[in-house]
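Look at the structure first, then work through the points.

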Amino acid sequence: MDNPQLRRAALFGGISLLTLLIFVLIGQKQALVIGVITGAAYGLLGLGLVLIYKSSGVFNFAQGEFGTVAVYSLYLLHVNGVPYVFAVLGALVVAVLFGLLVERIIVRPLFDAPRVTLLVATAGVSLLAVGVEIWFGEARLRNVDPALPRTDRVSLLGVRISDQRLLLIFVLLVLAAVLAYFFNRTTLGLAILGASQEPTATELVGISVRRLSSFTWGLAALLGGLAGVIGVPAAGNTFGPGIVTSGLLIPAFTAAVLGGFASLPGAFLGGAIVGVSQALATSSDAFDFIPGQAGTVIAFVLLVGVLSIRPNGLLGGKA
Amino acid sequence: MTGVVAQTEADLLEAAKAEAHKDEGFSPSPGGWVGRGALYAFAAVVVLVVPAMREAFEVNIYTQAVVFAIIGLSLNVLLGYVGQISLGHQAFVGIGAFTSAYMVSVQGQSFFVAVAVAMVVGALQALVLGAVSLRIKGLYFALITLSYGLVAEQSIFQIQSLTGGGAGQAAPKPSAFSTDLRYYYLCLAFLGAVIWVDHRMMRTKGGRALLALRENPRVASTFGVNVKVFTLFAFTVSGVFAGLGGALLAHNDTFVVADIYNFRLALVFVIMTVVGGLRSRTGVIVGSAFFALLGFFIEKFHIIEVALSKLPKPLTPQIAPLVVGPLLLLLTLTLYPGGIGQQVRPLLRWLGGHRFDIHDRGEKEVQISDVRA
C-alpha cells in the first residue's frame, strides 16, 4: 500500500462501504437513492467550482448565477416559441457569453490582485445578477419544463426516479470523466493547470494565459449553465431569482471541499455524500434533536469535519 | 572603500527621510486652522445636533447607520487586516442580537450585561470557525462562514426559546436610554469605543504583527510572529465587534426577528466594507452608513425615486439597493480598489494639519489585501 492513489482508493472504498452498510442496517435505503440523485445536482455545479479553483485558485461565487441565467434564458426562449432543444442550446450559449463577459470585465483586470479580491468580486457578480433578476423578473416563481417529462419509467429500491434526474446523473458522470481526461491527458488541460501554478513560465513557453483564462471561464459557465437547465427542472419545476445560488451553491461548495477541491471525480463523490446525508437527516428521526433543517447542519458539520480531519478532502492528496 | 559605501548609504537614508517628511515643518496658517475647525464643527453638527432635530423614526435609521459602521469595522478587521473574508457575518450579528435580547427578556439581565454576553458569544464563534479554517491554506474561512450563516438561518434561529419563534424576541432599550435619540448617542459612544480599540490594536504589537502577516506571512513567521495566534486574535476581535453590533441593532428595533439576518445582509456587509475602503476607518464608516441609509435616502429625496421610476424598467426603492450596491462593489474593485477611503484621504490629511494634496493616494496604491492565498 505504498501507492498513495491506491491508499486513497482503499480509504474511499472503505468509507463508501461503511456508509452503505450503515444505511442498509438502519433501513434507509430510500434515503440513499434520493441522496445520490440530489447529490448529482450538487456535483454538477461542483464541477464548475473545481474547474475555476484549479485554474484561478478562487472560490467562484458566481457559479450558481451561470446556472440561474441559463434557466431564465431557457424559460424566455421556450415561452416565446423556440423548440425545447434549441432553447436549451440558446440558454447554454447565453451562459457561456455571460461567463466570458465576467472573465473579460471582472476577472482579467484583477489578474494580479490578491485572491480574496477576486473572491469578493465573484460574490459581487452573483449579487448583481440576482439584483437584475429581481429587477426585471420580479421576486416571483415561474415554471420551467423538464427536458424529459416522464417520471414513472424507472424505480429503484422503491423510489421513483424521473427521467430528468437520470439525465442529470448521466450528464454528470460523462462530464466528470471527460474533464478528468481533459486535465490529465490533453495539452490544453495541462496548460490550464500550468497557468494556475506558474503563469509567467506558462507565458514563456508560448501559451497565452489570457486566452486560457477566457476558455476556463467559458467552460465553467457552460458547466454552470448545464447544472441550471438540467438540475433546476429535475429538482422541481419552479424557479425564481437566484434559484441556483440559494438552492445549490452551498451544498455544491461542501461537495467540492469533501472531494478535495482539486479532484473532479471528488466533486461527484462529495455531492453524493452531501445529498445522502441531507436525505438521511430529513427521513430519519435520529436527527430530530437538531432544530430547524437538519440537512443544513449536517452539511456544515461535514464541511468542518473534513477540514479538521482531512483538510485536503477525502480524495485529495497534497493540494 | 567603506567610507564611500557609508556615505552613499547615509545619502540614501537622508533622501528617504526627506521624502517621508516632505511637509515636515508645514503648519497651517491661522486661516487654515479656522477652515479646518469649521469643517470639524460642521461634521460634529451633522452627527450630533441634526439627529436631535429629526423625528424618532428617522433617528432610528441613523442609529442603524451607526451600528452598521461598527459591523463594517468588524469586517474590516478580517478583510483589511487579515485578508480573510466572512460571508456569514449575518450569523455573528444575528446571534449577537438574539443573545442580547434573550439575556434581557428571558434571563432578566441588565442591558450592559446582555451586550457583554453577546460580545463573548460573537468572539467564541469567530474563534472556533477561524481555528478550523486555519487548518488549511486558502480562503476557507469564506466557505465555513457561508455554510455557518445558513446553519444560523435554518437551524439556530429556529430554536424557540432563543428567538421566541416566528413572533420574534423582545429587546427593550435600557431605561436610561429609552428614547431613540438617547439610544443614538449611546450607539455613537459604542462606535467611538470600537474605533479606539481598532486604532489601539493596530498600534500595538498585535497590530504590527497582523500588518507583517498581511504583507508576507512567511517573512513574518521567520521573524517570530506566531501566525496562528495573531490571526485567531483578529478573528476574535472581529467577532466581538459583530456581537456588539448585533446587540445594538436588536435593542434599536426593540424586537428581533430572524428574517432580516439572511445571506443578503451578509453580502450587504461585505459590499459596504469594500466600497468604504479597506483599512481606512473613515472610509469604512462612511461606506457602511451610506449603505444603511441608501434605501431611506431614495425614498426621502423624491427626485431620485422619480428618476428611478423613469427607467425602461422601473426600479423601486426596495430593489434599487440590490442593483446599485453590487454595481458599486464591482466598480470599486476593478477601478478604485481603495474605495471611499482613498477618495477622502486628501481631505483627511488636510484635516490633520497637512497640506491639501489632491493626488495623495497614501504611501502606495491601496489594495484589498496583500495576502496571496
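Contact means heavy atoms within 4.5 Å. By that rule, A:T254, A:V257 and A:L258 of helix 10 of chain A meet A:A299, A:L302, A:L303, A:V306 and A:L307 of helix 12 of chain A. Keep in mind that this is a predicted model. Two packed helices are described by the angle between their axes and the distance between the axes.

**Helix 10 and helix 12 of chain A**

- Helix 10 of chain A spans residues 243–259, and helix 12 of chain A spans residues 294–309.
- Their axes come within 10 Å and cross at roughly 25°.
- Angles under 35 degrees count as roughly parallel, so helix 10 of chain A is roughly parallel to helix 12 of chain A.
- The crossing of these two helices is left-handed.
- Their contact holds 7 nonpolar residues, 1 polar residue and no charged ones.

**Helix 2 and helix 11 of chain A**

- Helix 2 of chain A covers residues 29–56, and helix 11 of chain A covers residues 264–283.
- The two axes come within 6 Å and cross at roughly 140°.
- This crossing is right-handed.
- On helix 2 of chain A, the contact residues include A:G35, A:G39, A:G43 and A:G46.
- On helix 11 of chain A, they include A:G271, A:A272, A:G275 and A:A279.
- By class, the contact has 14 nonpolar, 8 polar and 1 charged residues.

**Helix 4 and helix 11 of chain B**

- Helix 4 of chain B runs over residues 89–105, and helix 11 of chain B over residues 227–253.
- Their axes come within 7 Å and cross at roughly 55°.
- Helix 4 of chain B and helix 11 of chain B are therefore oblique to each other.
- The crossing is right-handed.
- Among the contact residues of helix 4 of chain B are B:H89, B:F92, B:G96 and B:S100.
- Helix 11 of chain B contributes residues including B:S238, B:G243, B:G246 and B:H251.
- The contact divides into 9 nonpolar, 8 polar and no charged residues.

**Where chain A meets chain B**

- In the interface, 45 residues of chain A are in contact with 48 residues of chain B.
- The two chains bury about 4,100 Å² between them.
- Carbon and sulfur atoms account for 79% of that buried area.
- How many salt bridges does the rule find across the interface of chain A and chain B? The count is 0.

Notes: Residues numbered from 1 in each chain as written. Chains lettered and ligands numbered in written order. Predicted model: local features only at pLDDT ≥ 70, side-chain atom pairs only at ≥ 80, totals over all residues. Heavy atoms only, no water. Axes fitted to C-alpha atoms, helices over the stretch in contact; angles between N-to-C directions. Helix = DSSP H or I, 4+ residues; strand = E, 2+ residues; numbered from the N terminus. Left-handed = near helix turned anticlockwise from the far one by under 90°. Nonpolar A, V, L, I, M, F, W, Y, C, P; charged D, E, K, R; others polar. Parallel < 35°, antiparallel > 145°, perpendicular 65-115°, else oblique. Buried area = accessible area lost by both parts, 1.4 Å probe. Salt bridge = Lys/Arg side-chain N within 4 Å of Asp/Glu carboxyl O.
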